[in-house]
Structures are given as structure tokens and as C-alpha cells.
Amino acid sequence: MGNRGMEELIPLVNKLQDAFSSIGQSCHLDLPQIAVVGGQSAGKSSVLENFVGRDFLPRGSGIVTRRPLILQLIFSKTEYAEFLHCKSKKFTDFDEVRQEIEAETDRVTGTNKGISPIPINLRVYSPHVLNLTLIDLPGITKVPVGDQPQDIEYQIKDMILQFISRESSLILAVTPANMDLANSDALKMAKEVDPQGYIGVVNRSQKDIDGKKDIRAALAAERKFFLSHPAYRHMADRMGTPHLQKVLNQQLTNHIRETLPSLRSKLQSQLLSLEKEVEEYKNFRPDDPTRKTKALLQMVQQFGVDFEKRIEGSGDQVDTLELSGGARINRIFHERFPFELVKMEFDEKDLRREISYAIKNIHGVRTGLFTPDLAFEAIVKKQVVKLKEPCLKCVDLVIQELINTVRQCTSKLGSYPRLREETERIVTTHIREREGKTKDQILLLIDIELSYINTNHEDFIGFVIRRGWLTINNISIMKGGSKEYWFVLTAESLSWYKDEEEKEKKYMLPLDNLKIRDVEKGFMSTKHVFAIFNTEQRNVYKDLRQIELACDSQEDVDSWKASFLRAGVYPEKDQTESEEGAQENTFSMDPQLERQVETIRNLVDSYVGIINKSIRDLMPKTIMHLMINNTKDFIHSELLAYLYSSADQGSLMEESAEQAQRRDEMLRMYHALREALGIIGDISTSTVSTPVPPPVDDTWLQTGSGHR
């Protein structure tokens, strides 16, 4: 380009671009490119061919250039051309270059004048060219032909703007000599995008430049034309190769100065992130036994740390998308397992039938006056045995989570497939061995519960269904009036005491033949009332045919009614329903048997609740001790020995092909980054500044007529 510093700089930039390509990145340090803009048949192809000194572009009427042509001119001692789409072929005959451009254009756009923004990349190597990049763009047109869409004008303008709007583009606006420059669409677009960055060329006929093919002669002829026309004389200073050289030099220099600091910072950051890993790779010897031993120890230790963190929880690398490891096991313990126990809820009708049969079978031919304890124990044991299934299922769920956690942790051993496989196999086998022992212990817990029914447990309700304060509302004033007592309801009787210490009993009322009825609240009373009466019209308490019991709220009334229902005392309105459904629900019309069934039903419910509470507490503890904590200890203390006994060290630490490739790529990238940083240093010292040419005086152009 007539500038030694720039001529030395171009190869350095090319080397830098090659270095970035080797690490799979873009350099973003492009050489300036000249985008040729003009109308159809304005002579753009002639101008481009003058740069090359060869006829190689398609010619014809109408729109000939239907795809952008990116033309890279590269100074070389030999002359040939090559296309990016067939890079292996070198063209020395430029007629073949024209034919290939036409064929490649038709391949994408068809043969009926269609257009496409997909560029054709052509490199021309020649001793007669400058190192430049030029872009031949479709000619500006207004009327569609052939397969062209109706909005062809706007599509071509958008395509042109995509190229000429780039910072690294210089705009070469070509206009026919017989057109008034003020009406040139090419100049309007150039002025809109870059008011001072376009180069105006009035393309005259071949005859006007005396048949000369050299760009210098062409530009000189245009300069002579401008000087002979006073209206255009101000543009003459923009013509000629020296000016083009100055513009290119200055644009490249400014672009490099703006871009190099960020490139250097980016490369240094990447290099720093690689140094630690590359330091290990620099002296890497795959068959070094010492290295293998050290690596094996480190990986087994890291596996143990990772497994423990996933189980115990850790603040680093927290999964925010889903539960994993210990969190999932915790959910099994405190959500899934209790849910499985709740799902065991028995069918009420079947349970009462079983209790009824148990009571009758225990009494045999005798009439039972009291509720038999053996019936209670038989039913309780049957319910406790049902706990085995959800308990064993809980163990299975935890085992699956442990195995999943092991697989997640061994994923870090992917560089050594045999080590990963053996580690996963050994730990999983150990977990399966612990499965049997854990399940045996769980079943033992169930058997222990079955061995002794502890009716003295502090949470066991015994025969008591409910305790609480109630007011007897219908005692006459002469006898002391309404008074509050402490009531105790069992399955056999209703008793009330002076106070909740239950030392001084006032009365005990058997529940035989008792029913409940609603009583309207008194006019002056704020309490809510219900009554208990005898269906055989006997007095219930002293001379009272019914006892009216008062509560502070309707909710308390409803709650007490439910408690009486559990004791076998039903509401008066259910009399008919009870008679109709008695055979189906209880299989007996015996009120005493009904109360005994209800008693045992309540006792079973209370005791099974105690056992469930105990099992919910012991299950997580048992599984944690016998399985989870044991597995952690095994990994830390025994896994390494099992690995050594399962295979030799060399086999375990044999790398995968992917790991070897990754290491090679890492080293290659490291050296490429260092090379790129060195090239940037050379470019910084080679950059030459050239004064910027004066701006164009374009005030003569029509204002407000720019392209939109």
C-alpha cells in the first residue's frame, strides 16, 4: 500500500486472526473493506475489475449481481483465485471464475433474476493487487423482474445497508457520468450512513479512459473529468490511489487502537483461567505410577467429600431447580413416609365388624358383661402388622436416593471410566448389603411393638373418651340451681365431679338406653344446650327425665355430641336410621355390644396413634444409623482398599479418549492465547498513524433528499 509500516502490519493482523481461529473465537479486528454501491448498469463491475486488472465478473443487462460478492485481494507472487465454497480448487483461468460466480449465484437464487443476501467469498492472489477487501453489492433497482419480489427495491437497500453500515467499511459510490450527482441514490445512501467516509466515482465509458484497465488510470481520468467541470471540482481531491491509501491506513490504525486493549484484556483473562489447569498438564505423563497413585487418592477423597456434602447439605453449588441428595431423603422421612401411614386408614365398617366378631368369639357361649381386653389386643396387633409394608417401602425409597446420589458424585470421575464404574459398583453393592440389615432391624421394631401392648402409656386414653367442664342447666333453684361440674365420658358411663381433680364424684350415669336431643337456648341464657334422656322413659338423674347440659358455644356442643356418638349414645333423630341400618353396620341390635365395639374402636385408635408416632420417630434414626452414616464411613475408610483389590492401579487410572483430547485442546488453546498476546504486542509497536484527509464539502447536495 506504499506504506512500509502498514505492509508489515497486515501480515501480523492475518496471523492474529489465524491465532483466534485456532482457539475457536473471532478476532473482531477486521481489515477495512470497500463496499461498492450503485444503480444497475452503473459500472460497478468495471471499477472492481480495475482493482484486479482482470475481467472476471458476470456482465449483462438488468440485475447481474444477485448475491453480495466479498472479494479479498491478497498480494502474492503467483496469480490465482479460490472460492470459500470450493476452497480446495485454484482457478488460474478468470473466465472460469466468472462461470463459477454465475453457477454459485444460480444455485442459491435460481435462474430467473432472484436475489439472496448470502454472500459469495472470493480470494484473488496476484502480484498486481493491493491487500484490500471489496464487496460487490446488487445494483439499486426499483422495478422487480422475473422471480424478484414486489418489494425488491427495499430488500436490496436493506442488504446494502447491512454492509455499508459497518465501522470497517469504506463506501465506494459509483454513479454514471450522464446522471446528476445530486440525484444519485448511491451517494444519498453513502451520505446517510457515513457523511465523510464514502469515495465518489463517476464511472465513464471505457472509451473515456482511453481503454486503460489500471485503477490508477481510471481514477486519474475521473479526476480530470471533475477538474473540467466546476460544479464537481471539489470532489477531485477525493480521487486517486494516494487518497485511498491514506483513508485505509487511518481507518485501520484507529480501529486497531480502539480494539487492541479490549482484545488484550480478554486474552489475559482467559489465559489466567487456564493457567492452574494447564500447569498440571504441562508435565503430564499418562503412565507415571506416582501420578496415578496421587490422582487416585485425590479422586476417592473428593468423592467422599462430595457424597457427604450432598447428604448433609452444603452452601456451595446449591441446586435451585430441584431437591437432591439429603433434602430428598429428608422429604421421604417427614412427608412421604407419614403419608404412607395415613394411606393405611382402614375401612370403618370392616373394622367395626372385626371388633364385633372378636368380642363375640372371646365370650363364646357366655354373655359378656364387660368389654374383653383380648379383643382390644387382637385388633391392635392386626393394625400394627400393617405397618411393615410402609416401613419397608420407606427403606426402598431411601436406597434409591442413595444410589442416585452415588451416581451424581461419580460423574466427576468421568475422565477415568474404569474408576467411575468400579467406584459406583462397590458403593452400590455396599448399600444393597446394608439394605438387608436395615430392613431386618425395622421388622424387629415392629415385632417389639407386637410383643407388649402397653396400656399404661401416658398418651393412651384408656376407657376415657372425653373430659371437660359442663353446666347442668335444669336443676331447680330450690336445689341449688344451674351448676358447673367436671364431666368424664367413658364407653360405659358418664360421671361428673366437683372439680377436675376427680376426687369427689357427684354421680355416675350408665349409658344404657341413653339418647341425645337438642334443646332450644333459653330467652335469658347465653349458653348453648343439649339434653340426655332415657329411651325407656326412666329418670336419668334423681327426679329428672333428662339432663340439660350447657356449653359456652355451639362448637362445644357439636364436639360433645361427637364424643357421645363415639360412646354409642346417638341423637334422637337418628333413631329410625339407627334401627334401619343397625344390622348392616354393627350386625347386632344389642346396645351393650355396640358400646363395647365403640370402646375398643376408640382404644385401638388411641394406641395405634401412639405406635405410629413412635415408628415415625424411630424409622429415620434407624435408617440414618444403619444405612446412611454407615455408607459414609465405608466410603471414607474402606472404599480405597476395595478399589485396589478390584483392579490394578494402571487399569483404574486409564484415561478416556475424551479426557486426553480435552487435555490436548487445553494445551493448544493455552499456547494459542500466548501467541495471540505476543502478536498484539507486535501490532502495537507497528501501528502507524496517517493524518486524516480533510472532510468533503458536500453542502451542494440537496438537503433532505437522503435515503430512508
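Student: How are helices and strands assigned here, and how many does the protein chain have?
Tutor: Helices (H or I, at least four residues) and strands (E, at least two) are DSSP runs, numbered from the N terminus. By that rule, the protein chain has 19 helices and 16 strands. Keep in mind that this is a predicted model: local features need pLDDT of at least 70, side-chain atom pairs count only at pLDDT 80 or more, and totals for chains, interfaces and linings use all residues. Residues are numbered from 1 along each chain as its sequence is written, and side-chain values use heavy atoms, with hydrogens and water left out.

Student: What share of the residues counts as buried?
Tutor: Buried means under 20% relative accessible area, exposed over 50%, and partly exposed in between (1.4 Å probe, protein chains only). Here 46% of the 708 residues of the protein chain count as buried.

Student: Now the sheet. In which order do the eight strands come?
Tutor: Strands of a sheet pair through backbone hydrogen bonds, either parallel or antiparallel. For counting, two strands pair if DSSP finds at least two bridges between them. In this model, eight strands make an open sheet with mixed pairing, ordered β12-β11-β10-β9-β15-β14-β13-β16. At the edges sit β12 (505–510) and β16 (570–571), each pairing on one side only.

Student: How do β10 and β11 run, parallel or antiparallel?
Tutor: Antiparallel: four bridges join β10 (residues 483–490) to β11 (residues 493–497). For a spot to look at, V488 stands opposite S495 in β11.

Student: On to charges. How many salt bridges does a search of the whole structure find?
Tutor: Side chains of opposite charge can pair when their charged atoms come close. The cut-off is a side-chain nitrogen of Lys or Arg within 4 Å of a carboxyl oxygen of Asp or Glu. The search turns up 26 salt bridges.

Student: Which residue does D396 pair with?
Tutor: K439, with the closest N and O atoms 2.7 Å apart. That pair links distant parts of the chain, 43 residues apart: D396 is in helix α12 (residues 388–410) and K439 in helix α13 (residues 417–451). D396 counts as partly exposed because its relative accessibility is 35%, while K439 counts as buried because its value is 18%.
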